[in-house]
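Good morning, colleagues. I would ask you to look at the structure on the screen while I take you through the interface and then the sheet.

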2 protein chains.
Amino acid sequence: MRKISKAVITRLPRYYRYLDELIQQDVERVSSKELSDMMNVTASQIRQDLNNFGGFGQQGYGYNVKYLYDEIGKLLGLDVTHKMIIVGAGNLGQAIANYGNFRNRGFEITALFDKNKDLIGKKTVNGTEIRDISTIIDYVKNENIEIVALALPKGPATDIAEKLVECGVKAFWNFAHTDLGFSDDIIVENVHLSESLMKLTYRISEKANKNK
Amino acid sequence: MRKISKAVITRLPRYYRYLDELIQQDVERVSSKELSDMMNVTASQIRQDLNNFGGFGQQGYGYNVKYLYDEIGKLLGLDVTHKMIIVGAGNLGQAIANYGNFRNRGFEITALFDKNKDLIGKKTVNGTEIRDISTIIDYVKNENIEIVALALPKGPATDIAEKLVECGVKAFWNFAHTDLGFSDDIIVENVHLSESLMKLTYRISEKANKNK
């Protein structure tokens, strides 16, 4: 398969979300024009994106919604189960643990880890256990954990991530305010909340300057 | 000012973060080459990005760290205070409210809103009050709220956002699993957690296919 651009990969989950909504509305076929109107991207962009993966549709007939949804799901790796743990059982860690949609999409959150003795041994709203951070290395090795979500501050996040890489973890979902800086062999997907908020204020400030 | 590309805007908060780290290490000047090594982007990319805003540096002398930090801060609208409320006082809403860095960077979170009677009247860890969602419209009008963070499910998020737009809100930081779909006049910055996670599994799946 040829190398797919980051922009296309970023759009795939969005296609998946809109196709999911169409399925829920019992829509069976959709044209690139209809998808385009819903999603506010051009129809040619949609065709071009999907052509990266071989097309999925026949010219003039539109796409079979369920088929396209399943195929994009496979591209996104959602046809297999991913075992994930969360490091940091504060509000953010618990928010991630309780987010119902993840479970429906093949993510199995098996435990949270924290150093806070008041939290260790408790369970999140949906019943996931909070474990002692000092037991994480053994746990990750024994339970075959694929993804580690880092919901703790920058310093401890970096330390724990380095230890986890040493024991074989290859993928991090990183909420800490750092880029981690591993080699390309390790997959890191960042959610930098404050950077997202700054993009928002950039646009507020840009608009204010325009209206001056 | 000419139109700045989305990619550049996305990189600005990252420059800001790295410059902040340099300030904390008492570094006074930095070359684009040094920044490039730290940030894993090319030096020419950095020069090109900053040239969009007039340059900030003299060829061969590098950048004055504090000056560049302040100037990028102004571009990001961080030289003024932004009043923000959070709708939804669950784990995610409270995680946002308690995130310390926001306050240091000119964001003033004045209240959270929820419909859950068990939460109304309580305060978050850092002392922000949780108010009754039924009072939000008056509050937003009286308190001159600029940004509304939506930390609640898709359906109610869409409803409340529409009402808030009617009473003048122009900027949403949206964590709900929807694009809201307002006109360009309304600024929406999305944080779609599940889409970020799917990008991660895309890369896991891509790597697995490569190694086959």
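**Interface and sheet**

Across the interface of chain A and chain B, the rule finds 12 salt bridges. Please keep in mind that this is a predicted model. One salt bridge joins B:R203 to A:E189, with the closest N and O atoms 3.4 Å apart.

Which elements supply the side of chain A that touches chain B? Those giving two or more residues are α1, α4, β3, α5, α6, β7, β8 and α9 of chain A. The largest share, 15 residues, comes from α9(A). By residue class, this side of chain A divides into 30 nonpolar, 15 polar and 17 charged.

As for extent, the contact takes 62 residues from chain A and 62 residues from chain B. The area buried between them is about 5700 Å², and carbon and sulfur atoms give 60% of that area.

I turn now to the sheet of chain B. Six strands form an open sheet with parallel pairing, in the order β5-β4-β3-β6-β7-β8. Its edge strands are β5 (130–132) and β8 (187–190), each of which pairs on one side only. From one strand to the next, the twist averages 25°.

Within this sheet, four bridges join β6(B) to β7(B); B:L150 has B:N174 in β7(B) as its bridge partner.

Finally, the helices. Helix α7 (residues 136–143) of chain B packs on the sheet, touching β3, β4 and β5, and its direction makes about 175° with that of β3(B). Helix α8 (residues 154–166) of chain B lies across β3, β6 and β7, running at about 170° to β6(B).

Technical notes: Residues are numbered from 1 along each chain as its sequence is written. Chains are lettered from A and ligands numbered from 1 in the order in which they are written. This is a predicted model: local features need pLDDT of at least 70, side-chain atom pairs count only at pLDDT 80 or more; totals for chains, interfaces and linings use all residues. Side-chain values use heavy atoms; hydrogens and water are left out. Contact means heavy atoms within 4.5 Å. Buried area is the accessible area (1.4 Å probe) that two parts lose on being put together, summed over both. A salt bridge is a side-chain nitrogen of Lys or Arg within 4 Å of a carboxyl oxygen of Asp or Glu. Ala, Val, Leu, Ile, Met, Phe, Trp, Tyr, Cys and Pro count as nonpolar, Asp, Glu, Lys and Arg as charged, and the others, Gly among them, as polar. Two strands pair if DSSP finds at least two bridges between them. Axes are lines fitted to C-alpha atoms, for helices over the stretch in contact, and angles run from 0 to 180 degrees between N-to-C directions.
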